[in-house]
Amino acid sequence: MRVDLALLADAATVDSAGKLNILGIFDSITSTRFPAKHGLISLVLRFSAGLEQAGEHAIRIRLRGPSGEDLLRLDGKVKFGPGPASDGGQLKIPHILNMDGIVFRTPGRYAFDVDLDGEHQVSLPLKVVSSAFAEAAEA
């Protein structure tokens with residue numbers, strides 16, 4: 001089992017047919033002041049697995065700060081099984097985690113890390129920057 005798609009977006013949904021709909025993909029956030037509270041962030045993941053890997057799996061999602069510290073950590077279980085998205089013995093399972101109001105204390109390089117069954121799958125970098133231009137526009 002692996003993560004074959006990972007991104008950050010303004011919004012995402014999965015329709016009844018299993019189709020993933022994504023709006024506003026990004027990898028940086030600009031703020032005029034810190035700490036900066038950001039609106040909705042959708043962490044979009046798609047898992048790919050063989051039918052023999054159906055069942056329950058452990059997932060860990062962490063948001064690391066510029067110094068490597070954990071700012072957010074979510075541990076849980078996901079259960080996968082065959083369904084209409086099965087294709088030639090492969091499961092493609094979309095997963096969306098909506099996070100609202102995350103506070104970034106300082107500018108810097110952040111990252112969302114995703115582990116599945118104790119194995120690191122992907123790191124999604126997120127650059128948080130201060131904008132002098134945006135500050136001047138507000139004045």
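Rings of Phe, Tyr and Trp (its six-membered ring) pair if their centres lie within 6.5 Å; planes under 30 degrees apart count as stacked, over 60 as edge-to-face and the rest as tilted. By that rule there are 2 aromatic pairs here. Before you click, note that this is a predicted model, where local features need pLDDT of at least 70, side-chain atom pairs count only at pLDDT 80 or more, and totals for chains, interfaces and linings use all residues. Residues are numbered from 1 along each chain as its sequence is written, and side-chain values use heavy atoms, with hydrogens and water left out.

**Stop 1: the aromatic pairs**

Select phenylalanine 47 and phenylalanine 80. Their ring centres are 5.2 Å apart and their planes stand at 45°, so this pair is tilted. Phenylalanine 47 lies in strand 5 and phenylalanine 80 in strand 7, so the pair ties together parts 33 residues apart in sequence. Strands (E, at least two residues) are DSSP runs, numbered from the N terminus.

Now select phenylalanine 104 and tyrosine 110. This pair is edge-to-face, with 4.9 Å centre to centre and 80° between the planes. Phenylalanine 104 is buried at 1% relative accessibility. Tyrosine 110 is buried too, at 4%.

**Stop 2: the core**

Which residues have the most contacts inside the largest nonpolar core? Select Phe104 and Leu126: they do, in a core of 27 residues. Such a core is a set of buried Ala, Val, Leu, Ile, Met, Phe, Trp, Tyr and Cys residues joined through side-chain atoms within 4.5 Å. Elements giving two or more residues to this core include strand 1 (2–14), strand 5 (41–50) and strand 11 (119–130).

Stay on leucine 126. Leaving out residues up to four places away in sequence, leucine 126 touches several others, among them Leu8, Phe26, Ile29, Phe104 and Tyr110. Contact here means heavy atoms within 4.5 Å.

**Stop 3**

An open sheet of 4 strands runs in the order 2-1-5-8, with antiparallel pairing. Strands 2 and 8 stand at the edges with a single partner strand each, so one side of each has no neighbour in the sheet. From one strand to the next, the twist averages 45°. Two strands pair if DSSP finds at least two bridges between them.

Zoom in on strand 1 and strand 2 (residues 20–26), which pair in the antiparallel sense over 6 bridges. Alanine 9 stands opposite isoleucine 25 in strand 2. Next, select glycine 18. In this hairpin, with 5 residues between the strands, glycine 18 takes a positive phi near 90°.

**Stop 4: the salt bridges**

A salt bridge is a side-chain nitrogen of Lys or Arg within 4 Å of a carboxyl oxygen of Asp or Glu. The count comes to 7.

Select aspartate 75 and arginine 60. Their side chains meet in a salt bridge at 2.7 Å, N to O. Aspartate 75 also bridges to arginine 73, with the closest N and O atoms 2.9 Å apart. Arginine 73 is partly exposed, at 42% relative accessibility.

Last, select arginine 64 and aspartate 113. They form a salt bridge too, at 2.4 Å, N to O. Arginine 64 lies in strand 6 and aspartate 113 in strand 10, so the pair ties together parts 49 residues apart in sequence. Is aspartate 113 buried or exposed? Aspartate 113 is buried, with a relative accessible area of 3%.

Conventions: Buried means under 20% relative accessible area, exposed over 50%, partly exposed in between (1.4 Å probe, protein chains only). Axes are lines fitted to C-alpha atoms, for helices over the stretch in contact, and angles run from 0 to 180 degrees between N-to-C directions.
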